[in-house]
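My notes follow in the order in which I looked.

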Amino acid sequence: MLRLATWLLRESGSGTRETIDQLLTPHLHQLRAGIEFGNSEAIKRAAASGLGISCLSRYVVEDFLASGLLVAPRSELPRLTRRFHLVTHGLKWRTRGLDLLIGHLNRMAATAGAIGGPQARN
């Protein structure tokens, strides 16, 4: 059924699209591409409007899943994960705002790691 569905995808070259191309497409052999979008929020809204299906981060769609606007179908496909890296300039002054952001990202990564998601490294 997933092979026959109309897929809503990120544009070529995006990290999300590369992950789908590398990790999902080999299991489905091909995706019937519908519309390409420049951001995940647009894909989420298009899927909720019934224009097709997609593969997005749970962080992106958790609000629509909770409200019932979207559903995550059961599948035997492997769980897709991505590793993110935070890169900062070594000689730039770290502001309080940047330190707060880094702390927040580390807490999110630690929480995701506790439930089997990706983990961050400093």
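**Nonpolar patch**

I began with the nonpolar patch, and found that helix H4 (residues 96–114) supplies its largest share, three residues. Helices here are DSSP runs of H or I with at least four residues, strands are runs of E with at least two, and both are numbered from the N terminus. The patch lies on the surface and consists of Tyr 59, Leu 86, Leu 101, Leu 105 and Met 108, with about 440 Å² of accessible area together. For such patches I took residues with over 30% relative accessible area and no salt bridge, joining nonpolar side chains (Val, Leu, Ile, Met, Phe, Trp, Tyr) within 5 Å and like charges within 9 Å. The areas come from the Shrake-Rupley method with a 1.4 Å probe, and for residues only the protein chains shown count as cover.

I then placed Leu 86, which sits in the loop between H3 and H4 and is partly exposed at 48% relative accessibility. In these notes buried means under 20% relative accessible area, exposed means over 50%, and partly exposed is in between (1.4 Å probe, protein chains only).

**Basis of the notes**

The model is predicted, so I kept local features to pLDDT of at least 70 and side-chain atom pairs to pLDDT 80 or more, while totals for chains, interfaces and linings use all residues. Residues are numbered from 1 along each chain as its sequence is written, and side-chain values use heavy atoms, with hydrogens and water left out.

**Salt bridges**

How many salt bridges does a search of the whole structure find? I noted seven, a salt bridge being a side-chain nitrogen of Lys or Arg within 4 Å of a carboxyl oxygen of Asp or Glu. One of them joins Glu 11 to Arg 10, with the closest N and O atoms 3.1 Å apart; Arg 10 is buried at 15% relative accessible area, whereas Glu 11 is partly exposed at 27%.

I next followed Lys 44, whose side chain meets that of Glu 41 in a salt bridge of 3.2 Å, N to O. The two are three residues apart in helix H2 (residues 40–48), and about one helical turn therefore separates them. Glu 41 is partly exposed at 33% relative accessible area, while Lys 44 counts as buried at 2%.

Lys 44 also forms a salt bridge with Asp 63, the closest N and O atoms being 3.0 Å apart. Because Asp 63 lies in helix H3 (residues 58–67) and Lys 44 in helix H2, this pair ties together parts that are 19 residues apart in sequence. I read Asp 63 as partly exposed, with a relative accessible area of 41%. Together, Glu 41, Lys 44, Arg 45 and Asp 63 are linked in a network of salt bridges.

**Helix packing and overall layout**

At what angle do H2 and H3 pack? I noted about 30°, with their axes 10 Å apart, the axes being lines fitted to C-alpha atoms (for helices over the stretch in contact) and angles running from 0 to 180 degrees between N-to-C directions. That makes H2 roughly parallel to H3, since angles under 35 degrees count as roughly parallel, over 145 as roughly antiparallel, 65 to 115 as roughly perpendicular and the rest as oblique.

Lastly, I recorded four helices and two strands in the chain, which follows the pattern β-α-β-α-α-α along the sequence.
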